[in-house]
Amino acid sequence: MRKRIVAGNWKMNKTYEEALSLVSEIDNMVKDEVNGDVTVIVAPPFPYLQSVGKLTQGNDRMHLAAQNVSEHDSGAYTGEVSAAMLKSVGVQYVIIGHSERRMYHHEDAQALYKKLKAAIAQGITPIFCCGEPLEERDADRHFDYVGKQLHDSLSYLSNEEFDRVVVAYEPIWAIGTGRTASSQQAQEMHAYIREQLSRLFDAEAAFNCSILYGGSCNPGNAKELFAQPDVDGGLIGGASLKSRDFTDIIKSF
């Protein structure tokens, strides 16, 4: 059985005190309210990783993620953070290839492949993001666009390495545009992603890979989205900054 996962990407939000308050609320709500086998991940900004991780140590469902990682192991790379550094403060997952990193920091497929390798080498599970912008969706090129993202970064991994990877689909066209992706559209793309993964690796590896939905998931649509056969959870943005909303999404399985 592949993992059911709800991951909260806090992006560049919250002060230190606000971050500790938020994770404490989430931790308590998950302990009190969440039943069933759901992996809960929180990805705070870099400065808060160790403190947030310590607050969740007693909760087996709660896991710590970083929002990015360097492709380099060490060296003169000012402002970068290595996979070994992340591991040393208890990080278990790392988000790689988020649409904002691709857009604002021009991260290309080869750099993302190197980041995947760096994380996997340290025993950290990558959450690899893919997804198409509005112009690709409107031109009916969305499948080819996402398929190329998968091929160009993942195909160089071995089967054993890929077994460590979680995939997250972000329909960029449905974020901040006023347009909404339906659960049917989400399922259609998730099924396509799983099919492509079976071509890159094998059917068993593709079946076992958790594929998360990252397009404005909220307490109102999470249940319908998570009911789709190829949607294994969510990569949550804005709603992960509110403990009540985030917990309600986790409870949508």
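Modeller: Let's start at Ser 216, which touches Ala 174, Ile 175 and Asn 221, leaving out residues up to four places away in sequence. Contact here means heavy atoms within 4.5 Å. Before going on: this is a predicted model, where local features need pLDDT of at least 70, side-chain atom pairs count only at pLDDT 80 or more, and totals for chains, interfaces and linings use all residues. Residues are numbered from 1 along each chain as its sequence is written, and side-chain values use heavy atoms, with hydrogens and water left out.

Biologist: Where is Ser 216 found, and what is its phi?

Modeller: Ser 216 sits in the loop between strand 7 (211-213) and helix 11 (222-226). Its phi is positive, about 55°, although Ser 216 is not a glycine. Helices (H or I, at least four residues) and strands (E, at least two) are DSSP runs, numbered from the N terminus.

Biologist: Why does Ser 216 count as partly exposed?

Modeller: Buried means under 20% relative accessible area, exposed means over 50%, and partly exposed is in between (1.4 Å probe, protein chains only). Ser 216 has 41% relative accessibility, so it counts as partly exposed. Along the sequence Ser 216 is 41 residues from Ile 175, yet their C-alpha atoms are 6.2 Å apart in space.

Biologist: What makes Ile 172 partly exposed?

Modeller: Its relative accessible area is 23%, so Ile 172 is partly exposed. Ile 172 lies in the loop between strand 6 (166-169) and helix 9. Its C-alpha atom is 6.2 Å from that of Gly 131, which is 41 residues away along the chain. Gly 131 is also among the residues that Ile 172 touches, including Ser 99, Glu 132, Pro 133 and Thr 177.

Biologist: And Asp 140: buried or exposed?

Modeller: Asp 140 has a relative accessible area of 61%, so it is exposed. You'll find Asp 140 in the loop between helix 6 (134-138) and helix 7. Its phi is near 60°, a positive value in a residue other than glycine.

Biologist: Why is Thr 39 called buried?

Modeller: With 10% relative accessibility, Thr 39 counts as buried. Thr 39 belongs to strand 2.

Biologist: What makes helix 5 oblique to helix 7?

Modeller: Helix 5 (residues 109-121) and helix 7 pack at about 55°, with axes 8 Å apart. That angle makes helix 5 oblique to helix 7. Angles under 35 degrees count as roughly parallel, over 145 as roughly antiparallel, 65 to 115 as roughly perpendicular and the rest as oblique. Axes are lines fitted to C-alpha atoms, for helices over the stretch in contact, and angles run from 0 to 180 degrees between N-to-C directions.

Biologist: Which residues of helix 5 and helix 7 meet?

Modeller: Ala 109, Leu 112, Tyr 113 and Leu 116 in helix 5 meet Asp 152, Ser 153 and Leu 154 in helix 7. By class, this contact of helix 5 with helix 7 has 5 nonpolar, 1 polar and 1 charged residues. Ala, Val, Leu, Ile, Met, Phe, Trp, Tyr, Cys and Pro count as nonpolar, Asp, Glu, Lys and Arg as charged, and the others, Gly among them, as polar.

Biologist: How do helix 7 and helix 9 pack?

Modeller: Helix 7 and helix 9 (residues 183-200) pack at about 40°, their axes 10 Å apart. The residues of the contact of helix 7 with helix 9 divide into 9 nonpolar, 4 polar and 2 charged.

Biologist: Last one: what covers the buried residues of helix 1?

Modeller: The cover includes strand 2 (39-43), helix 2 (49-55), strand 3 (62-66) and helix 12. Leu 20, Val 23 and Ile 26 are among the buried residues of helix 1. Helix 1 (residues 16-33) and helix 12 (residues 243-250) have axes that come within 9 Å and cross at roughly 35°.
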